[in-house]
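This report covers salt bridges, a pocket and a surface patch. The structure is shown first.

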Amino acid sequence: GIDDSASYAKYGNGMDIGDWRRTNVNLLVKELDSRLHEADPDIAFGISPSGIWANKSASQPDGSETGGMEARNALYADSVTWIENGWIDYIIPQIYWEIGKEIADYSILLPWWSGKTAGTDVRLFIGMADYRTRLAKDSPDSVWHGSEELVRQLKLNDTIPEVTGEVHFNYTSVVENEELFDIYSKRYGK
């Protein structure tokens with residue numbers, strides 16, 4: 001929703017507008033990485049992008065087998081470039097869909113992200129959709145009702161060596177779901 005047409009006209013140098021926007025975001029991430037580590041070499045800098053970088057297509061053969069909104073093309077967040085260049089220390093993709101979701105299957109996205117971080121120094125944490133359990137608390141037919149879907153996802157995470165841990169969104173959803181709270185207390189310690 002931000003009108004960047006004047007800046008693009010002035011600085012775009014004939015570049016495709018999407019590429020120009022991605023380049024600007026990439027420069028910001030690279031500069032943040034550099035300055036933060038200059039200020040404190042031990043700092044850990046990371047980003048939590050949307051769970052779909054790009055859908056696999058002729059123009060994006062490295063994309064995931066998904067069909068949802070692409071962070072690379074809709075938000076100009078080229079997180080794969082950040083990983084490949086080591087501009088971030090960790091990444092937390094927001095994989096906020098269930099296992100089996102047709103356009104964005106958790107069980108497809110999880111190994112896709114692990115493949116992108118494998119062999120790099122970028123740690124992979126998974127953004128978990130705990131908030132969906134709160135939204136589904138009065139919908140017993142929803143896959144998100146209770147805790148079963150999140151438990152299935154945690155079990156799948158445990159099979160992927162690149163997964164360093166999980167980040168749960170959000171705290172209120174965890175403490176309001178006693179079942180989840182108990183599961184996480186045992187998993188992560190009190």
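## A pair within helix α2

D19 and R22 are three residues apart in helix α2, so about one helical turn separates them. The model is predicted, and in it the side chains of these two residues, D19 and R22, form a salt bridge with an N to O distance of 2.8 Å. D19 has a relative accessible area of 34% and is therefore partly exposed. R22, at 8%, is buried.

## Other salt bridges

In total, the structure contains eight salt bridges. Side chains of opposite charge can pair when their charged atoms come close.

One of the pairs is R152 with E149, whose side chains meet at 2.9 Å, N to O. Both residues belong to helix α7, which spans residues 148–157, and they sit three residues apart, about one turn of the helix. R152 is partly exposed, its relative accessible area being 41%, whereas E149 is buried at 2%.

The side chains of E65 and K56 also form a salt bridge, with 3.7 Å from N to O. E65 has a relative accessible area of 52%; the cut-off for exposed is over 50%, so E65 counts as exposed. K56, with 47% relative accessibility, is partly exposed. Elsewhere, a network of salt bridges links D158, E166 and R187.

## The largest pocket

The volume of the largest pocket is about 190 Å³. Its lining is made up of G1, I2, D4, W20, R21, N24, V25, L75 and Y76. By residue class, the lining of the largest pocket has five nonpolar, two polar and two charged residues.

Which element gives the largest share of the lining of the largest pocket? Helix α2, running over residues 17–39, supplies four residues, the largest share. Helix α2 is also the element that holds D19 and R22.

## A nonpolar surface patch

Y171, V175 and F181 together make a nonpolar surface patch of about 320 Å². One of these residues, F181, is located in helix α9, residues 178–188. Is F181 partly exposed or buried? With a relative accessibility of 40%, F181 counts as partly exposed. Patches take in residues with over 30% relative accessible area, so F181, at 40%, passes that cut-off.

Key:
Residues numbered from 1 in each chain as written. Predicted model: local features only at pLDDT ≥ 70, side-chain atom pairs only at ≥ 80, totals over all residues. Heavy atoms only, no water. Patch = residues over 30% accessible without salt bridge, like charges linked within 9 Å, V, L, I, M, F, W, Y side chains within 5 Å. Areas by Shrake-Rupley, 256 points an atom, 1.4 Å probe, with all protein chains shown as cover. Salt bridge = Lys/Arg side-chain N within 4 Å of Asp/Glu carboxyl O. Helix = DSSP H or I, 4+ residues; strand = E, 2+ residues; numbered from the N terminus. Buried < 20%, exposed > 50% of the residue type's maximum accessible area, 1.4 Å probe, protein only. 1 Å grid on protein atoms, 1.4 Å probe; cavity = no way out; pocket = protein on both sides within 12 Å on 5 of 7 lines; lining within 4 Å. Points joined across faces, edges and corners; volume = space filled by probe spheres on them. Nonpolar A, V, L, I, M, F, W, Y, C, P; charged D, E, K, R; others polar.
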